[in-house]
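I opened my notebook to follow one protein chain from its overall layout down to single residues. Come and look along with me.

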Amino acid sequence: MGFTLVEMLIVVVILGIISSIMLTSFADVRKGARDDRRIADLRQAQQALQLFYLKCGFYPGRYENNNCLGGTLADSANNPADWSDLRQILKDARIGVDEIPNDPGAANSYQYYVQLAGPSGTPKAQCYVLTADLETDHRAFKGDLDMLDLEQKLAPFSASDLATKNMYPLTPAIDCADTGRHYCLGNVECFHGGP
């Protein structure tokens, strides 16, 4: 008893449909796994920033002379301009952190922003924001910083007003909007009741 050509074709079509569904779901699982890693990476960087703060009294980005090994010196040109600069500063600070991870996507990079100055008399480099672009609508968006948090701290605030609020670097502009897939993490105490 053999199979007819029609029966064989039906089996092949069914297997093709099942495999395409499985490949699609595996792709979604991989995207979710990369997003989980991004969130874990930012939390690891946040812990390193806290260790740096405990040692130095500010987050990387202070442009005044200081005696903190690994702290930036002289002027804003020496502040971390991108993620690789931040990674090097944290490594050089000798705070027990040997490596800060990069974004798992080759085309993406994490971002670090620091408020270099606040109101008159406020210590510099006390507020920071870390950002990552996620690939899914991750559950972590419910607890991340958003533009309302930044507006509360930096009021009066507009997207073009970042220069007057002295957030560094200015480009690309911080994007913590509730739309899109930009995950933002920062020292929440700074944005909610801190100096």
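Here are my entries, in the order in which I looked things up.

**Entry 1: the overall layout**

I began by noting that this is a predicted model. I looked up the elements and found five helices and four strands in the protein chain. Reading from the N terminus, I wrote their order down as α-α-β-β-α-α-β-β-α.

Next I checked how much of the chain is hidden: of its 195 residues, 41% are buried. The chain exposes about 11,000 Å², and 58% of that comes from carbon and sulfur atoms. I also looked at contacts between residues at least 6 apart in sequence, and 67% of these join residues at least 24 apart.

**Entry 2: the nonpolar cores**

I remembered a general point from class: in soluble globular proteins, nonpolar side chains tend to be buried together. Then I looked for such groups here.

The largest nonpolar core has 30 residues, and among those with the most contacts inside it are Leu42, Phe52, Trp83 and Tyr112. Helix H1 (5–56), helix H2 (83–92) and strands S1 (111–115), S2 (128–133) and S4 (182–186) each give at least two residues to this core. Which element supplies the largest share of this core? I found that H1 does, with seven residues.

Beyond its neighbours within four places in sequence, Leu42 is in contact with Trp83, Tyr110, Leu130, Thr131, Ala132, Tyr183 and Leu185. There is also a second, separate core of eight residues, including Tyr113, Ile174, Cys176 and Cys184.

**Entry 3: the strands**

Is S1 enclosed or open? Five of its five residues are buried, so I noted S1 as largely enclosed by the rest of the structure. I then followed the side chains: Gln111, Tyr113 and Gln115 point one way from S1, while Tyr112 and Val114 point the other way.

I looked for the partner of S1 and found S2, which runs antiparallel to S1 and is joined to it by four bridges. In this pairing, Tyr112 stands opposite Leu130 in S2.

S2 also pairs with S4, again in the antiparallel sense, over five bridges. One bridge I wrote down is Thr131 with Cys184 in S4. Four of the five residues of S4 are buried, so S4 is also largely enclosed by the rest of the structure.

**Entry 4: Gln46**

I returned to helix H1 to find Gln46. What does Gln46 touch, leaving out residues up to four places away in sequence? My list reads Tyr128, Leu130, Leu185, Gly186 and Asn187. For Gly186 I noted a distance too: its backbone oxygen lies 3.0 Å from a polar atom of the Gln46 side chain.

**Entry 5: the aromatic rings**

A search of the whole structure gave me five aromatic pairs. I looked up Trp83 and Tyr110: their ring centres are 5.2 Å apart and their planes are at 70 degrees, so this pair is edge-to-face. Planes over 60 degrees apart count that way.

Trp83 lies in helix H2 and Tyr110 in the loop between H2 and S1, so the pair ties together parts that are 27 residues apart in sequence. Are these two residues buried or exposed? Both Trp83 and Tyr110 are buried.

I had already met Tyr112 in the largest core and opposite Leu130.

Technical notes:
Residues numbered from 1 in each chain as written. Predicted model: local features only at pLDDT ≥ 70, side-chain atom pairs only at ≥ 80, totals over all residues. Heavy atoms only, no water. Buried < 20%, exposed > 50% of the residue type's maximum accessible area, 1.4 Å probe, protein only. Contact = heavy atoms within 4.5 Å. Areas by Shrake-Rupley, 256 points an atom, 1.4 Å probe, with all protein chains shown as cover. Core = buried A, V, L, I, M, F, W, Y, C linked by side-chain atoms within 4.5 Å. Pairing = 2+ DSSP bridges. Polar contact = N/O pair within 3.5 Å; in protein donor to acceptor, adjacent residues only side chain to side chain. Phe/Tyr/Trp six-rings, centres within 6.5 Å; stacked < 30°, edge-to-face > 60°.
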